[in-house]
Amino acid sequence: MVPDIGRGARTHGLLVYLYGPGRREEHTDAHLVGSWDGFAPDPGRDPDPHVTLARLTAALDLRVKQAGDRAPAKHVWHCSVRTAPGDRRFSAEEWNTIAQRIVHATGIAPDGDPDGCRWIAVRHADDHIHIVATLVRGDLRNPRLNYDFNKAQAECRRIEKEMGLRRLNAGDGTAAKNPTSAEKFKAERTGRTETSRETLREAVRQALAGAATEEEFFIRLHEAGLRVKVRHAPSGDALGYNVALPGDRNRHGEPVWYPGSKLAPDLSFPKIRLLLDDGTAEQAGPSGAEERPEWSPPARARRSATGTAERAAVLLDDNADDEKAAAQLVGVGELLDALAQTSPAATRAELAASARAFERATRSHIRAERADTRALRSAARGIVQAGGALGWGEDGGTTAMLLSTLVLVTIAAARWHSARGHAQQAHASRQAAEHLRTAYHQAAAAPIRALHDRGRALPEADRRTHEATLRAVLPEQGARVHGVSAKTDALVATLAQAEQAGHDPGALLRQAVDLRELDTAEDVNDVLVWRLRRIAQLPAHPEEAIRRQQAGTLPNRASANRTSRRNVPAAAPRVSDPRGRPPRR
């Protein structure tokens, strides 16, 4: 059961909408199911609805007129209460009881208070009601409505439990603001798949991923095709920013601007400045595997990010320091945003969906220790600066390597949130993990198939030797290694390649197993393959890259970079500055 609360200044206009046909003829049989005294006039049951609607408006506004200037400017309180899909239908009496509980819980009309605000509950569909109240009490004072949304949510959770309804996850006030009904209708009318608010939120997050300075952040916003308006202090320092989509205008023909704080709590400019001022995007110099000149910049960046993500998962599992763990979640969110904008077409949609889902998991009431985001922000910056990755060869293999690790990271995030009662964040983490699994299977198909082929081509004696190593090192995991995918060809091939590179297969395998737990892995074989190949600095997919280069079918990397960015409506980069200054570059 979901409550949604808003305020307005026109009682009659809201009632006309509630008793009308709706924007798409979706309102049917509109009628009252409850009111402050049980005797309010009902336009839905009167032969002359226009006259009755005027009487109902006058009755609701009576105390507002009596209060005069003391009445609040936005004196109309409007709360829709909607059941979840699959819940049973309620009778009028049940909806009346629910409405009475909501107005009592929020302080609109407490039980036993003769001076409570006047209210009505209108039903014009099977799955929801609208509660309308005017915010002047009988003693002509304003009601105390502190945290009315939180109180309505808590009461809905109690109603769900008592009435056997679908139990929704309780919120904690840290979620991003949902699009309004008007924004949703506008998106439908203009043929957009999402609202401007949602498009802008994703674009701003991608611009922030790994950004080092405020200037770089604003330049990225321009490059994404957004309209940007920056507010400056007399000193020239930025005070805040607003963004708008090109072509998105209000009824007066003006751009529809959104401040960052209205897109998400952590996208306000003060919070972005805190993140950037900490210097978290400083990139460490490459080492070991990342220095291999034959690997492309995207492949090197993804390898480096895989190790960083592994360490984030360990911190989340450790449960030692909540602030450090919360910082890892923020960094993982940036890493997903960086991947979503640089991934090849085959995995782009799932990675974007994963980043959108995990965005909810990056915020809770536990304050992140900003210094602990440095490594992950550096990894995100490296991925963005490396540009678009190809969907095959070493790029594709290292993408699969990183995604395999990120699946486990998001599962660790879900466990961390669940242990602290963060229901919405835990659910978001699990959603992100499912999208990452789908993206992983898409990215890993070719490199894993090539490794299977190599494993099957090994001499029988070599195969038996490496299978014996698996059984010796993995006595407890052995059943899962053989039972989940039923084939160890890729894992055997990786051990053989590691041995050819001068490694001790048994010691290397023990190192890979000891990195962190394997219980949450969907396929232990695949997880170990990618851990081994990263630790041993083995190519992720050498055969495919060589074959395509020899055949001359490897596309130009510049074209991959051009198509890797998210599709945002194009516009010439511009900034609206009160003083008319162009953006600094």
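1. Two strands count as paired here if DSSP finds at least two bridges between them. With that in hand, a friendly start on this predicted model: strand 1 and strand 3 (residues 76–82) pair in the antiparallel sense, over seven bridges.

2. Stepping back to the whole sheet, five strands make up an open sheet with antiparallel pairing, in the order 1-3-5-4-2. Strand 1 (2–8) and strand 2 (31–35) are the edge strands; each has a single partner strand, so one side of each has no neighbour in the sheet. From one strand to the next, the twist averages 25°.

3. What lies across strand 1 and strand 3? Helix 4 (residues 148–163) does, and its direction is at about 155° to strand 1.

4. Now for some helix packing. Two packed helices are described by the angle between their axes and the distance between the axes. For helix 7 (residues 214–223) and helix 9 (residues 269–277), the angle is about 120° and the axes are 10 Å apart. Angles of 65 to 115 degrees would count as roughly perpendicular and those over 145 as roughly antiparallel, and helix 7 and helix 9 are therefore oblique to each other. Helix 7 brings Glu214, Phe217 and Phe218 to the contact, while helix 9 brings Phe269, Ile272, Arg273, Leu276 and Asp277. Sorted by class, the contact of helix 7 with helix 9 has five nonpolar and three charged residues, with no polar ones.

5. Helix 11 has the largest share, six residues. By class, the lining of the second largest pocket splits into 14 nonpolar, seven polar and nine charged residues.

6. How many cavities of 30 Å³ or more does a search of the whole structure find? The search finds one. The largest cavity holds about 30 Å³ of space, and its lining consists of Glu310, Met401, Ser404, Thr405, Leu408, Val527, Trp530 and Arg531. Helix 14 and helix 20 (524–535) are the elements that give two or more residues to this lining, with the largest share, four residues, coming from helix 14. Four nonpolar, two polar and two charged residues make up the lining of the largest cavity.

Notes:
Residues are numbered from 1 along each chain as its sequence is written. This is a predicted model: local features need pLDDT of at least 70, side-chain atom pairs count only at pLDDT 80 or more; totals for chains, interfaces and linings use all residues. Side-chain values use heavy atoms; hydrogens and water are left out. Axes are lines fitted to C-alpha atoms, for helices over the stretch in contact, and angles run from 0 to 180 degrees between N-to-C directions. Angles under 35 degrees count as roughly parallel, over 145 as roughly antiparallel, 65 to 115 as roughly perpendicular and the rest as oblique. Contact means heavy atoms within 4.5 Å. Ala, Val, Leu, Ile, Met, Phe, Trp, Tyr, Cys and Pro count as nonpolar, Asp, Glu, Lys and Arg as charged, and the others, Gly among them, as polar. On a 1 Å grid over the protein atoms alone, a cavity is a set of points where a 1.4 Å probe fits but cannot get out, and a pocket is an open set with protein on both sides within 12 Å along at least five of seven lines; lining residues have an atom within 4 Å of a point. Grid points are joined across faces, edges and corners, and a volume is the space filled by probe spheres set on the points.
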